[in-house]
Amino acid sequence: MKRYSYCLLLLAVLAIAGCVFLDGVDQPASVKAGEDFTIVMHNRLDVADGGRSNERLIIAFLAPKSWAAAAHTSVTFTTTTYGNGKMVPVPATVLANTGLNWPAALKTRFGMGGNYMVDDLEWVVFWTEQTYNVPQGVKDKIDVTIVTTAGPENTQFKTGYFLGTSSEGLSDLFGTNNVYKSLFKDCFQVTDGEGDLIDFCNPQIAAVTPGQATDNDMLTISFDPDVVSTALSTVGSIYLCAKAYTSDGQVLDACASTAATQLLAYTGNKSAITLWPRGFFHVADGQTLTKIEYYFTDATGSIKVGYGNTASPFVYTFKCQ
């Protein structure tokens with residue numbers, strides 16, 4: 001009898017779920033830096049219970065923090081039942097019934113879609129400008145149009161989207177499949193921008209500091225095998241193999257596995273090499289370096305670990321300060 005009563009209660013709870021569906025997202029594969037571009041989320045609403053009062057639809061998307069997307073985005077929606085409207089940023093004081101505001105709650109619940117350097121990405125959250133009373137039985141199609149501005153840097157990251165409602169928040173009372181939805185897509189690129197590529201899609205095995213330098217500045221190139229397993233993860237001595245390109249078309253090679261190219265351990269399995277580019281590549285007076293291509297190797301030179309954990313080289317471009 002108790003089990004029968006429990007089943008009836010469970011069926012009753014499931015019957016009052018207000019369902020949202022994220023059917024798909026249209027987005028360009030790439031855009032130019034500083035360009036406005038359009039994203040369209042295709043959604044559905046199916047209210048299977050006694051309805052909702054003072055309801056707001058909530059959407060969110062992933063973007064690099066450097067975009068300041070909340071201030072440079074306009075969001076509108078069209079429906080088959082409730083007409084058209086605007087969406088505005090959700091105030092930071094509004095909590096997603098988890099004790100966290102919406103951006104933090106979405107990061108905790110869904111992560112950052114397999115991106116790396118997650119502290120430089122954020123969930124940007126909007127909701128309908130006004131509230132709606134949604135009666136039982138409403139089935140509606142809702143297209144949300146997001147017009148945002150790409151940042152100034154060359155970037156690639158995996159985009160992410162969220163759909164939910166203000167009354168349900170991130171509640172799992174009805175199960176995660178009916179009161180909110182999330183969707184992550186493949187790498188999206190921003191091209192024709194400033195500087196070298198900021199790559200959120202691939203593990204950050206290498207780093208160069210400072211990020212902006214001339215060929216007369218000291219550079220530190222570091223290797224971090226703990227980010228992802230590489231062919232050099234179990235190798236004790238790591239070396240830099242690099243080529244430098246001059247403004248007059250020469251290519252200067254520095255790829256021998258010697259004491260001058262060996263990285264030094266500094267924290268755990270991390271290692272680094274600090275060099276003066278003009279001296280390291282024996283640059284002649286009057287020559288200027290434009291970029292370096294490099295990868296990491298072992299003493300034999302047979303193992304190559306480069307961009308995206310492949311044998312392709314990393315690229316560092318010199319910039320006037």
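A: A pocket is an open set of grid points where a 1.4 Å probe fits, with protein on both sides within 12 Å along at least five of seven lines. A residue belongs to the lining if it has an atom within 4 Å of such a point. The model examined here is predicted.

The largest pocket has a volume of about 720 Å³. Its lining consists of 25 residues, and those nearest the centre are Asp 196, Leu 197, Ile 198, Gln 204 and Val 315. Two or more lining residues come from each of strand E13 (194–199), strand E14 (206–209) and strand E22 (314–317). Strand E13 gives the most, with six residues. Sorted by class, the lining of the largest pocket comprises 14 nonpolar, six polar and five charged residues.

The second largest pocket holds about 180 Å³ of space. It is lined by 16 residues, with Val 235, Gly 236, Ile 238, Asn 269 and Ser 271 closest to its centre. Strand E18 (264–267) and strand E19 (270–275) each supply at least two residues of this lining. By class, the lining of the second largest pocket has eight nonpolar, seven polar and one charged residues.

The account now turns to the aromatic rings. The structure holds 17 aromatic pairs. Phe 77 and Tyr 132 are both buried.

The ring centres of Phe 157 and Phe 188 are 5.7 Å apart and their planes stand at 70 degrees; because an angle over 60 degrees counts as edge-to-face, this pair is edge-to-face. Phe 157 in strand E11 (residues 153–165) and Phe 188 in strand E12 (residues 181–191) are 31 residues apart, and their pair links distant parts of the chain. Phe 157 has a relative accessible area of 1% and is therefore buried, the limit being under 20%. Phe 188 is also buried, at 1%. Ring pairs join Phe 157 and Phe 188 with Phe 37 and Trp 67 in a cluster.

Charged side chains also meet rings. The charged end of Lys 181 sits over the ring of Phe 21, 5.2 Å from its centre, and Lys 291 lies over the face of Tyr 245, 4.9 Å from the ring centre.

Technical notes. Residues numbered from 1 in each chain as written. Predicted model: local features only at pLDDT ≥ 70, side-chain atom pairs only at ≥ 80, totals over all residues. Heavy atoms only, no water. Phe/Tyr/Trp six-rings, centres within 6.5 Å; stacked < 30°, edge-to-face > 60°. Buried < 20%, exposed > 50% of the residue type's maximum accessible area, 1.4 Å probe, protein only. Helix = DSSP H or I, 4+ residues; strand = E, 2+ residues; numbered from the N terminus. Lys NZ or Arg CZ within 6 Å of the ring centre and 35° of its normal. 1 Å grid on protein atoms, 1.4 Å probe; cavity = no way out; pocket = protein on both sides within 12 Å on 5 of 7 lines; lining within 4 Å. Points joined across faces, edges and corners; volume = space filled by probe spheres on them. Nonpolar A, V, L, I, M, F, W, Y, C, P; charged D, E, K, R; others polar.
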